[in-house]
Amino acid sequence: MNLTREIMVNNSVKLAQFKLAQHRVQGTRSKLNIFEVAQLLDAIRTAEQMKSAPSNSIFHSISMN
C-alpha cells in the first residue's frame, strides 16, 4: 500500500516538474496561468514533505510484551 502511494507521489512530482520545465521553455507563450504554476509548485513541495515525514503505522505503538 505504501509502495503504491510512493509511486503515485513520484509520478505526480515528475509530471509537475515536467510541466514547469515546459512552462519555463515556452515563456510568455505558455498556456499555464499563475494559479496553475502555483498549484504545481505546491504539489512538488507537498510531496517533498510527505517523503521526509516518518511513515505512521497503526501498529507502531503496539509492543509484543
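## Overview

Of the 65 residues in this chain, 14% count as buried. Keep in mind as you look around that this is a predicted model. The chain exposes about 6,000 Å², and carbon and sulfur atoms supply 59% of that area. Its secondary structure is simple to list: two helices and zero strands.

## The nonpolar core

Let's turn to the inside. The largest nonpolar core is made up of five residues, namely A16, L20, V37, L40 and I44. Two elements, α1 (2-26) and α2 (34-52), each give two or more residues to this core. The most comes from α2, which gives three residues.

Setting aside neighbours within four places in sequence, I44 is in contact with V13, A16, Q17 and L20.

## A closer look at α2

The helix α2 has 19 residues. From its first C-alpha to its last, α2 reaches 27 Å, close to the 27 Å expected at 1.5 Å a residue.

Which residues of α2 are buried? They are V37, L40, I44 and A47. These residues sit on the same side of α2 because they cover an arc of only 90° around the axis. On the face turned away from this buried side, α2 carries the exposed residues I34, F35, Q39, Q49 and S52.

Note on methods. Residues are numbered from 1 along each chain as its sequence is written. This is a predicted model: local features need pLDDT of at least 70, side-chain atom pairs count only at pLDDT 80 or more; totals for chains, interfaces and linings use all residues. Side-chain values use heavy atoms; hydrogens and water are left out. A nonpolar core is a set of buried Ala, Val, Leu, Ile, Met, Phe, Trp, Tyr and Cys residues joined through side-chain atoms within 4.5 Å. Buried means under 20% relative accessible area, exposed over 50%, partly exposed in between (1.4 Å probe, protein chains only). Helices (H or I, at least four residues) and strands (E, at least two) are DSSP runs, numbered from the N terminus. Contact means heavy atoms within 4.5 Å. Accessible areas come from the Shrake-Rupley method with a 1.4 Å probe; for residues, only the protein chains shown count as cover. The expected span of a helix is 1.5 Å times one less than its number of residues. The arc is that of the directions from the helix axis to the C-beta atoms.
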